[in-house]
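Visitor: I have not looked at this model before. Please show it to me and begin with the terms.

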Amino acid sequence: MTTESLNEAMKYYVTAFYKFMPLENLETIKAALKHKASELDLKGLVILGHEGINSTCAAPSSEALADWKSWLQTYFEVAAFDFKNSGSERAPFRKFQVKVRDEICTIGHPELQASNEDNNHLSPEQWNHVLKEEQDFVMVDTRNWYEHKIGSFKGAINPKIDQFTDFFDQVDSMNLPKDKKMLVFCTGGIRCHKGILELQRRGYDKVFQLKGGILKYLEEFPNDQFAGECFVFDHRVALDQQLKPSEQYGLCPHCGQPSELDIHCKRCDFQTKICDDCVKLEFKKDTCSKNCAYHFELHPERKAAHQNQATETPRLRAT
Ligand SMILES: [Zn+2]
Ligand SMILES: [Zn+2]
């Protein structure tokens with residue numbers, strides 16, 4: 001899918017990319033990125049490290065997005081970044097942020113050096129071929145439990161992790177034969193790109209990863225082997241099979257997890273969606289915000305006008 005083919009109703013043009021490459025003078029790069037983003041009215045998150053760049057950003061027009069992409073390629077002297085595009089009617093980010101970190105995707109092993117060479121990458125087509133034609137493999141979701149919960153590849157194992165750094169010990173605890181063919185995947189490819197090095201170091205010899213992750217896969221094969229929606233770390237919460245923002249999920253105003261239970265706030269009558277953890281909690285199950293929960297607990301009988309609260313921010317991270 002190209003940016004141009006996105007639905008007309010989409011007001012924000014979103015692109016995600018990452019690249020492992022040696023970078024120096026990170027503060028200078030950060031300043032240049034901020035300058036360009038402000039010129040284009042771009043919002044989003046860029047993670048910079050000495051090992052490379054990882055980013056998801058939203059532009060207010062297709063022209064601004066095209067400008068951003070070509071500027072990035074010129075600035076970093078890269079012929080073509082592997083951009084994964086999607087869209088949104090509502091702003092997926094409130095501001096533009098550049099964060100400098102030891103790892104552009106945190107696996108807890110900054111000493112592992114990822115290169116841009118393919119390392120057992122499967123294209124979406126090759127991936128589909130294995131899923132449909134082969135039987136002797138295990139497929140493991142590298143993402144967190146709440147990402148897995150709202151959509152994943154059919155038959156994928158969910159290691160039920162809270163964060164990616166827990167993934168490797170969790171895989172070890174599954175006691176899989178180390179020479180068994182293993183397929184791993186993530187949202188945009190970066191967690192696997194780096195994580196496969198740690199798996200290989202632990203002796204898993206036949207691990208394969210999905211190139212470009214779920215986002216690239218859905219561009220090519222919507223409604224095929226991936227079931228449900230793809231969680232993203234911005235205010236869209238999830239993307240459907242057409243890579244359009246979720247209509248099913250919101251972000252729970254109490255805890256920031258994906259939510260799909262419609263509620264009517266007993267204090268201010270506002271309608272929102274809360275998650276299935278918070279629905280078990282007194283004062284949260286009937287209220288639309290932390291503020292309403294607080295006041296409803298003190299004075300359950302008192303009504304108040306709805307106040308526009310800042311939604312709980314999802315744990316923003318580029319994937
Ligand atoms: Zn919640
Ligand atoms: Zn309320």
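Guide: Helices (H or I, at least four residues) and strands (E, at least two) are DSSP runs, numbered from the N terminus. This is a predicted model, in which local features need pLDDT of at least 70, side-chain atom pairs count only at pLDDT 80 or more, and totals for chains, interfaces and linings use all residues. Residues are numbered from 1 along each chain as its sequence is written, chains are lettered from A and ligands numbered from 1 in the order written, and side-chain values use heavy atoms, without hydrogens and water.

Visitor: Where does Ala156 sit?

Guide: Strand S8 covers 151–153 and helix H5 covers 167–173. Ala156 lies in the loop between S8 and H5.

Visitor: Is Ala156 buried or exposed?

Guide: Buried means under 20% relative accessible area, exposed over 50%, and partly exposed in between (1.4 Å probe, protein chains only). The relative accessible area of Ala156 is 15%, so Ala156 is buried.

Visitor: Which residues does Ala156 touch?

Guide: Contact means heavy atoms within 4.5 Å. Leaving out residues up to four places away in sequence, Ala156 touches Met139, His148 and Phe185.

Visitor: What length does helix H6 reach?

Guide: H6 runs through residues 190–201, twelve residues.

Visitor: How many residues of H6 are buried?

Guide: Ile190, His193 and Leu197 are among the buried residues of H6. H6 is mostly covered, and of its twelve residues the buried ones number ten.

Definitions and conventions: Expected span 1.5 Å × (residues − 1).
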